[in-house]
Amino acid sequence: MPLKLDNESELREAQAALFNVNSTAGWVLINYVGPNTVHFAAGGEGGPDDVAQQFEDDQIQYALIRIGGIQEKGTLKTTVRDIFITWIGPNVGIVEKGKKTPFLGDAQQYLQPYHADVTVLNKKNFDQDHLLDRSHPLSGSHVID
């Protein structure tokens, strides 16, 4: 059974604003509202700090964050990176994790396109520096714990 999105038009509207050609920062967040149903919950123009405030300790949530102004090494060019985030709160039980894991691919489909995929397990370490480090293709680990 695939993951269902119960308010797709609202999510698409928020994504249109996020992916606007002039947009250099912003985010969208989806939450579970049922065993296999997610809901566009929030969006904004800020960065990782704003998203972290939305993370709930007893939930698995998915976000897409756009970070702009990233200086490419060896050039004067700046770029934008879109990062898919899986938040797994510290109070999510192992059974719940097992039930939701099969839906990760569906959530990624709803929030594409993105350049990198990062799993976040600890809000305290979830900031722009850690996110840029873990989302770099050569970072090795794509987990913020």
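How many aromatic pairs does the structure hold? I counted five aromatic pairs (Phe, Tyr and the six-membered ring of Trp, centres within 6.5 Å; planes under 30 degrees apart are stacked, over 60 edge-to-face, the rest tilted).

Ground rules for my notes: this is a predicted model, in which local features need pLDDT of at least 70 and side-chain atom pairs pLDDT 80 or more, while totals for chains, interfaces and linings use all residues. Residues are numbered from 1 along each chain as its sequence is written, and side-chain values use heavy atoms, with hydrogens and water left out.

**Entry 1: rings**

I began with Phe55 and Trp87, a stacked pair at 4.7 Å centre to centre and 0 degrees between the planes. Phe55 sits in the loop between helix H2 (48-52) and E4, and Trp87 in strand E5, so this pair ties together parts 32 residues apart in sequence.

Next I looked at Tyr62 and Phe84: their ring centres are 6.0 Å apart and their planes at 25 degrees, so I noted the pair as stacked. Tyr62 belongs to strand E4 and Phe84 to strand E5, 22 residues apart. Tyr62 is buried at 2% relative accessibility, and Phe84 is buried at 0%.

I then followed the ring pairs into a cluster of Tyr32, Tyr62, Phe84 and Tyr114.

**Entry 2: strand E4**

I checked E4 (residues 60-71) and found nine of its twelve residues buried. E4 pairs antiparallel with E2 (residues 25-34) over seven bridges (strands pair if DSSP finds at least two); here Leu29 stands opposite Ala63. With E5, E4 pairs antiparallel over ten bridges, and Tyr62 faces Thr86. The E4-E5 hairpin has six residues between its strands, and Gly74 in the turn has a positive phi of about 80 degrees.

**Entry 3: strand E6**

Which residues of E6 make up the covered face? I listed Ala116, Val118 and Val120 there, with Asp117 and Thr119 on the uncovered face. In a regular strand, side chains alternate between the two faces of the sheet. E6 runs parallel to E5, joined by five bridges, and Thr119 is the bridge partner of Thr86. Two bridges join E6 to E7 (residues 143-144), also parallel, with Val120 opposite Ile144.

Note on methods: Buried < 20%, exposed > 50% of the residue type's maximum accessible area, 1.4 Å probe, protein only. Helix = DSSP H or I, 4+ residues; strand = E, 2+ residues; numbered from the N terminus.
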